[in-house]
Amino acid sequence: MGLARILAVLLLSTLASGCALSENTQNHEAGTAIKDVLEREYVGDYGTAWDNLHPRHQRLVTRKQYEECRRGFDVEGTIESVLILDVRDEPLVVYGLRPRTASKAVKVRVTTDESEYTASYHVVRVGDRWRWVLTDEAARGFARTDCPA
């Protein structure tokens with residue numbers, strides 16, 4: 001009887017952790033997607049960063065325009081770390097996307113050899129991948145011009 005209870009508890013624990021893991025896996029993937037974009041931006045790999053931009057925002061700016069525009073903005077320092085602080089579900093209202101688009105808000109702390117800052121970015125699931133989105137201001141800016149200031 002004691003062994004049956006232990007096995008039942010182990011089985012229930014395994015099932016419960018599997019459910020939690022699937023939720024955490026989504027958050028982990030979303031956080032990793034943002035970390036990847038930030039790292040690419042800091043090393044000047046703007047084309048690959050654009051490749052991971054949401055398709056609706058890719059319609060606002062071509063890969064070439066994005067690369068040229070980003071080269072005009074100096075990033076501060078050499079990246080040392082990107083720490084994921086929080087990942088949460090958040091409906092998104094951003095120009096170029098459907099209102100209240102389901103997204104993950106990813107809060108990060110970025111440390112460079114010159115500074116440290118905390119910011120939040122958003123990713124949206126497109127097919128089997130997480131794709132980052134421009135801020136509302138940046139999306140509206142790219143809709144107006146090749147390189148918003």
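C69 has a relative accessibility of 5% and therefore counts as buried, a term used here for a relative accessible area under 20%, with exposed meaning over 50% and partly exposed in between (1.4 Å probe, protein chains only). The structure is a predicted model, in which local features need pLDDT of at least 70 and side-chain atom pairs count only at pLDDT 80 or more, while totals for chains, interfaces and linings use all residues. Residues are numbered from 1 along each chain as its sequence is written, and side-chain values use heavy atoms, with hydrogens and water left out.

A disulfide is a covalent bond between the sulfur atoms of two cysteines. When it is assigned to a pair of cysteine sulfur atoms within 2.5 Å, the count comes to 1 disulfide, formed by C69 and C147 with their sulfur atoms 2.1 Å apart. The torsion about the S-S bond of C69 and C147 is about 70°, so the disulfide is right-handed. Because C69 lies in helix α4 (residues 63-71) and C147 in the segment after α5 (136-144), the pair ties together parts that are 78 residues apart in sequence; helices (H or I, at least four residues) and strands (E, at least two) are DSSP runs, numbered from the N terminus. C147, at 33% relative accessibility, counts as partly exposed.

Within α4, the buried residues are Y66, E67, C69 and R70. Seen down the axis of α4, these buried residues fall within an arc of 165°, so they line one face of the helix, the arc being that of the directions from the helix axis to the C-beta atoms. K64 and R71, on the other side of α4, are exposed.

Aromatic rings of Phe, Tyr and Trp (its six-membered ring) were paired if their centres lie within 6.5 Å, with planes under 30 degrees apart counted as stacked, over 60 as edge-to-face and the rest as tilted. A search of the whole structure finds 2 aromatic pairs. One of them is the tilted pair of Y66 and F142, with 6.3 Å from centre to centre and 45° between the planes. This pair links distant parts of the chain, since Y66 is in helix α4 and F142 in helix α5, 76 residues apart. Both Y66 and F142 are buried, and together with W132 they form one aromatic cluster.

Phi of R100 is near 60°, a positive value in a residue other than glycine, whereas most residues other than glycine have a negative phi.
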